[in-house]
Amino acid sequence: MRSPLPRAVLNRLETGRLVVLSVLLGALVGGLCIVLRLTLDVLITFGARLTDYAPPGTTGEGGLMMAFGALAHWSLISLPVIGAACAVLIPAAHGDPLTQLVRGYHARGQWTPVPAQLRTLGATLLGNAAGLMIGRDSAFTMTGQLGARLMQRVTRLDAVELRTLTLAGAAAGLGAVLHAPLAAAVLIAEVLYRRFEFEFEIVMPCLLAAVAGTAVYGLAFGFTPLLTFPDVQVPAGAQLPAFLGVALTATLLGSLVLLGRSVLADGALTGWVRAAYGAAFGLATAAVATLVTPAVLGDGSGWVQLSAAGFVGAEGAGQAAWRWVLLALGMHVAFGGGVLPSVGVGGLLGAGLGSLMGVDTAVATMVGAAAFLTVTLNVPLAATLLTVTWGGEALLPVTLAASGLAHLLSGTRGVVPAQVQGRRDSGVHASSPGWLPDTVRFIPRRVADSPAVPFDAPGEPPLDADVLPSPTNERELYRRVVPPSWRGARLGVVTLPPGVDIVGVVRDGAVRLPRPEYRLTASDELVFLARPDAYTALEGVLRLPGA
């Protein structure tokens, strides 16, 4: 039955549905993050009892502003085992939670299977609780993706809604753990592409979900910023060269980390080699903690908090150097692939250099964190928003300049590998027809001397293929049922992307010429003539069923 509402009203209702779903998903993810936080606290407390040591926490997560206890070095013998277990649990083909998110989005909804996502969640919890360089934000990002999969089971979502809500769920989890919903929403949209290719239809659902998730999470654990900066003032003009020097150093070290990640070829660490590499990483972490400093344990966010308060001083540069080494080694197997490990390295580096140069340590800490995060994840705007959320608007001029300088010098080296691979393997850039959805079958083109079949020829059998050879202009013919949003509409008011034309309507087994006065029914099928890239855009309009 055709809806009596005009199509413009139906489009608004579809947008309103996505808004409601984003808010509901954010609330759901916020509740899941409360459970995750309680679980993580239990695991960290258990680990502290075994080692007699706990790294400092952040004020926003209720952490103490000090490290306490004497490290029991014998307990570190478990780190190689835990490192191997994490390397095995995190699927090599999918990567860390943020990489899985980007890969699934660019694969047009081919998300990581739920069992693999649960394994990744368990690995991130285990590694973070044990003290390996895995930020707690990784576990929250994965929880947000699982929240979207849970909503899919209780609500009918098409492919477009599932792709959008999966990003929104990740933004909700990230916003909760970072206590920065706006920065989390921008980060999710920014990390998808190389240079500011924002999809604004993604930003709003991510922001709504992040705000709702942070609201629910804050009801249980408060709304204090993750990091607290005492009395930060706008930096004086005479100190700007020193802060730019901090940003340049962080940019250089971040670029070297990415260079180290490219040393090993893709696929080199698989099977038992990957497990051995994870064990070696755990052994290296244990060796540094035993022989040099236990400050390398954890993701480093607590030490950044101490640096901002002026308790670390020049030794922060040494701590950052050891963390930099571990980050360069661990990125091959998803250790340190989140947001907080990069913030830890850059923040400690900025604190150490700021103390040596005699400038404001808190400002130098955030300048280093913004620059290093910009290089490693290619998110200059999100890095700036994070520092402003944590330290106040006084940090905006200097951290914006630092992240802009870092992005200008580093380029797109920090792009998530899945983003590059996903774009390279997409249907628009690939020569094979594997990019078509499951509802479309591909038939190779006819040879040049083969006559074209006239679709309206009398006596021709009905079209029996979803994709037919194109006679001219390197375009293909696609056949599919009328999407629900078009049923009841006249053919003349249907809006199509550039490069797409409706060349036939299959009704009652016969192909008819498209006429503007035709009203489309649920039993009709449409024949499109389109370029492959234009048909990709058409998928979003048709809202194809999810895979």
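This is a predicted model: local features need pLDDT of at least 70, side-chain atom pairs count only at pLDDT 80 or more; totals for chains, interfaces and linings use all residues.
H179 sits in the loop between helix 6 (159–178) and helix 7 (181–190), and its phi is positive, near 55°, in a residue other than glycine.

A second residue of this kind is N378, which lies in the loop between helix 14 and helix 15 (380–391). Its phi is also positive, near 60°, and N378 is likewise a residue other than glycine. With a relative accessible area of 3%, N378 is buried.

Leaving aside residues up to four places away in sequence, G175 touches A180, P181, A184 and T214. The C-alpha atom of G175 is separated by 7.4 Å from that of A185, a residue 10 positions apart from G175 along the chain.

How many of the 8 residues of helix 11 (residues 301–308) are buried? The count is 8 of the 8, so helix 11 is largely enclosed by the rest of the structure. The buried residues are S301, G302, W303, V304, Q305, L306, S307 and A308, and what covers them includes helix 12 (315–330), helix 13 (340–357) and helix 14 (361–377). After helix 11 comes G310, whose phi is positive, near 85°.

The packing of helix 11 against helix 14 can be described in more detail. The axes of these two helices come within 8 Å and cross at roughly 145°. On the side of helix 11 the residues that meet the partner are V304, S307 and A308, while helix 14 brings T361, A362, T365 and M366. Sorted by class, this contact has 4 nonpolar and 3 polar residues, with no charged residues.

## Helix 15 against helix 16

In general, two packed helices are described by the angle between their axes and by the distance between the axes. For helix 15 and helix 16 (residues 396–410), the angle is about 155° and the axes are 9 Å apart. Helix 15 and helix 16 are therefore roughly antiparallel to each other, since angles over 145 degrees are counted in that way. The crossing of helix 15 and helix 16 is right-handed.

Which residues make the contact between helix 15 and helix 16? Helix 15 contributes P380, T384, T387 and V388, and helix 16 contributes L396, T399, L400, S403 and H407. By class, the contact of helix 15 with helix 16 has 4 nonpolar residues and 5 polar ones, and no charged residues.

## V257 in helix 9

V257 belongs to helix 9 (residues 240–261) and is buried, with a relative accessible area of 0%. Not counting residues up to four places away in sequence, V257 touches W324, L327, A328, M331 and F372. Of these, M331 is 74 residues apart from V257 along the chain, and the C-alpha atoms of V257 and M331 are separated by 8.6 Å.

## The protein as a whole

The protein has 18 helices and 5 strands, and buried residues make up 54% of its 547 residues. Among contacts between residues at least 6 apart in sequence, 78% join residues that are at least 24 apart. The accessible surface of the protein comes to about 22,900 Å², and 64% of that surface belongs to carbon and sulfur atoms.

Technical notes. Residues are numbered from 1 along each chain as its sequence is written. Side-chain values use heavy atoms; hydrogens and water are left out. Buried means under 20% relative accessible area, exposed over 50%, partly exposed in between (1.4 Å probe, protein chains only). Helices (H or I, at least four residues) and strands (E, at least two) are DSSP runs, numbered from the N terminus. Contact means heavy atoms within 4.5 Å. Axes are lines fitted to C-alpha atoms, for helices over the stretch in contact, and angles run from 0 to 180 degrees between N-to-C directions. Angles under 35 degrees count as roughly parallel, over 145 as roughly antiparallel, 65 to 115 as roughly perpendicular and the rest as oblique. A crossing is left-handed if the near helix is turned anticlockwise from the far one by less than a right angle, and right-handed if clockwise. Ala, Val, Leu, Ile, Met, Phe, Trp, Tyr, Cys and Pro count as nonpolar, Asp, Glu, Lys and Arg as charged, and the others, Gly among them, as polar. Accessible areas come from the Shrake-Rupley method with a 1.4 Å probe; for residues, only the protein chains shown count as cover.
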